[in-house]
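Please open the model in your viewer and keep the sequence panel beside it. The tour moves from stop to stop, and at each one you will be told what to select and what is there.

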Amino acid sequence: MSLRHRRPHAALIAAALCLVTTLTGCSDSGNGSSSSSTPPASASVSVSSSETGKGEVKVTIKGFAFHPAKLEVSPGTKITVTNEDSATHTLTADDKSFDTGDLAQGKSATITAPSKPGSYSYICTIHPNMKGTLTVR
Ligand SMILES: [Cu+2]
């Protein structure tokens, strides 16, 4: 029911009409060039990380910051945290529901997202000005 909230472009209508006509034979225009060699099912959409279910997620610590600092995952998602700084860092939930412990340079640790949906802020316990948020939903 929400499909009509936008007025379609005229070009879009034309394309849609042509698409419909294609099924019954759109090629009566006699256009000799076979430029439309692309099969109809060629629309390959790369799925963004927001669609990821229980796949592995990575967080990098670099420049005294978490990358990305805001993350949205499914409950129980494994999150690999890697420290690329020369300084030691941690990724520790405010409520301690997850904690990498001390990560020296080049080290990584895997934490598991809480099973309870919600928004979990975390910090580096060594540098509490480093902040991030993990959203579980
Ligand atoms: Cu730190």
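A cavity, on a 1 Å grid over the protein atoms alone, is a set of points where a 1.4 Å probe fits but cannot get out, and its lining residues have an atom within 4 Å of a point. Grid points are joined across faces, edges and corners, and a volume is the space filled by probe spheres set on the points. What you are viewing is a predicted model, in which local features need pLDDT of at least 70 and side-chain atom pairs count only at pLDDT 80 or more, while totals for chains, interfaces and linings use all residues. Residues are numbered from 1 along each chain as its sequence is written, and side-chain values use heavy atoms, with hydrogens and water left out.

**First stop: the cavity**

Select Val 59, Leu 71, Ile 79, Leu 91, Ile 111, Tyr 122 and Leu 134, which line the largest cavity. About 30 Å³ of space lies in this cavity, and a search of the whole structure finds one cavity of 30 Å³ or more.

**Second stop: the copper ion**

Now select the copper ion together with His 89 (ND1), Cys 124 (SG) and His 127 (ND1), its protein donors, which lie 1.9 to 2.1 Å from it. Donors are N, O and S atoms within 2.8 Å of the metal (3.2 Å for Na, K and Ca), and water is not among the atoms, so sites may look incomplete. Along the chain the donors follow the spacing H-x34-C-x2-H. His 89 sits in the loop between β4 (78-83) and β5 (92-93), and His 127 in the loop between β7 (118-123) and β8 (131-136), 38 residues apart. Strands (E, at least two residues) and helices (H or I, at least four) are DSSP runs, numbered from the N terminus. Are these two histidines, His 89 and His 127, buried or exposed? Both His 89 and His 127 are buried, where buried means under 20% relative accessible area, exposed over 50%, and partly exposed in between (1.4 Å probe, protein chains only).

Colour the strands next, and look for the open sheet of four strands in the order β2-β1-β4-β6, with mixed pairing. β2 (66-67) and β6 (108-112) stand at the edges with a single partner strand each, so one side of each is left without a neighbour in the sheet. Two strands pair if DSSP finds at least two bridges between them. Strand β1 (residues 57-61) runs antiparallel to β2, joined by two bridges, and Thr 60 has His 67 in β2 as its bridge partner. Elsewhere, β7 and β8 pair in the antiparallel sense over six bridges, with Gly 118 opposite Val 136 in β8.

**Last stop: a salt bridge**

Finally, select Glu 84 and Lys 62, which form a salt bridge with their closest N and O atoms 3.6 Å apart. Glu 84 lies in the loop between β4 and β5 and Lys 62 in the loop between β1 and β2, so the pair ties together parts that are 22 residues apart in sequence. A salt bridge is a side-chain nitrogen of Lys or Arg within 4 Å of a carboxyl oxygen of Asp or Glu.

Definitions and conventions
1 Å grid on protein atoms, 1.4 Å probe; cavity = no way out; pocket = protein on both sides within 12 Å on 5 of 7 lines; lining within 4 Å.
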